[in-house]
Amino acid sequence: MGNAGTTRRGSIFSKQDSTGEDGSTRHNKRLSSRQNTFLEEEEFPPEPPAIPPPEPLTMRQKELLTEMWKLLEEDIAKVGVITFVSLFETHPDVQQSFMPFRGVDIEDLKHSRQLRDHALRVMAFVQKAVARLYEPDKLETLLRDLGKKHYHYGAKQKYVDLIGPQFIMAIQPSLVDRWTEEMHSAWTALFLNMAYIMKGSMAAEERFRVKKTAT
């Protein structure tokens with residue numbers, strides 16, 4: 001995927017550094033280069049400043065997440081439904097972005113087979129992420145692909161940040177006797193890293209779309 005900022009800098013430098021021409025030609029080329037740059041800046045939104053990535057998970061956090069997931073597996077459908085019901089209750093705009101659930105009463109959603117199936121698909125993805133904690137390259141590839149898919153579904157980047165906190169609240173009752181601040185931090189770290197990679201992929205898709213449309 002093209003990096004518009006990098007492309008602009010490269011084209012400007014290559015033209016300014018040209019040799020073997022008279023001053024007038026060089027001056028005209030500089031003017032042309034600047035004009036082209038202004039056009040590019042109008043057509044292509046600049047790449048936003050890089051946001052520092054979250055801290056990577058520690059080995060202890062990976063161990064905790066792996067252990068906790070084994071305890072959650074039996075109730076994972078219930079956890080998934082609670083996660084999304086809570087999400088829709090606190091963020092109604094998110095519910096409206098899901099065509100099958102748009103306008104459906106929250107009480108009806110609690111017993112919706114369609115919501116249960118969707119929740120299970122999301123939980124299955126979390127399971128894949130946990131299973132790849134010790135294979136970061138594979139996990140990153142998985143997350144980038146999911147971010148790309150979400151972009152083409154029309155999902156907003158800000159929604160990606162919302163699942164983690166709702167999931168953490170949903171699993172606490174199932175782990176009430178074992179729950180610690182350390183566990184909370186481990187899940188938070190996982191979802192922060194997941195969201196960071198997914199949103200980066202979504203942003204890259206948007207820049208690519210804008211550039212492709214403009215050209």
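**Figure 1. Order of the elements along the chain.** Read along the sequence, this predicted model follows the pattern α-α-α-α-α-α-α-α-α-α-α. The protein has 11 helices and 0 strands. Of the contacts with a separation of 6 or more, 74% join residues 24 or more positions apart.

Figure 2. The protein has 215 residues, and 35% of them are buried. Its accessible surface comes to about 13200 Å². Carbon and sulfur atoms hold 55% of that area.

**Figure 3. The largest nonpolar core.** This core has 51 residues. Phe 88, Phe 167 and Trp 187 have the most contacts inside it.

- helix H3 (59-72) and helix H4 (76-90)
- helix H6 (106-109) and helix H7 (113-131)
- helix H8 (136-153) and helix H9 (157-160)
- helix H10 (163-171) and helix H11 (181-214)

H11 gives the most, with 11 residues. In soluble globular proteins, nonpolar side chains tend to be buried together.

**Figure 4. Contacts of Phe 167.** Phe 167 is among the residues with the most contacts inside the largest nonpolar core. Residues up to four places away in sequence are not counted here. Trp 187 is itself one of the residues with the most contacts in the core.

**Figure 5. Gln 61 in helix H3.** Gln 61 lies in helix H3. Is Gln 61 buried or exposed? Its relative accessible area is 15%, so Gln 61 counts as buried, the cut-off being under 20%. Beyond four places in sequence, Gln 61 touches Pro 56, Ser 185, Ala 186 and Ala 189.

**Figure 6. Ala 186 in helix H11.** Ala 186 sits in helix H11. Its relative accessible area is 0%, so Ala 186 is buried. Which residues does Ala 186 contact, leaving aside neighbours within four places in sequence? They are Gln 61 and Leu 65. The pair Ala 186 and Thr 58 is 128 residues apart along the chain. The C-alpha atoms of these two residues are separated by 8.5 Å.

How values were computed: Residues are numbered from 1 along each chain as its sequence is written. This is a predicted model: local features need pLDDT of at least 70, side-chain atom pairs count only at pLDDT 80 or more; totals for chains, interfaces and linings use all residues. Side-chain values use heavy atoms; hydrogens and water are left out. A nonpolar core is a set of buried Ala, Val, Leu, Ile, Met, Phe, Trp, Tyr and Cys residues joined through side-chain atoms within 4.5 Å. Buried means under 20% relative accessible area, exposed over 50%, partly exposed in between (1.4 Å probe, protein chains only). Helices (H or I, at least four residues) and strands (E, at least two) are DSSP runs, numbered from the N terminus. Contact means heavy atoms within 4.5 Å. Accessible areas come from the Shrake-Rupley method with a 1.4 Å probe; for residues, only the protein chains shown count as cover.
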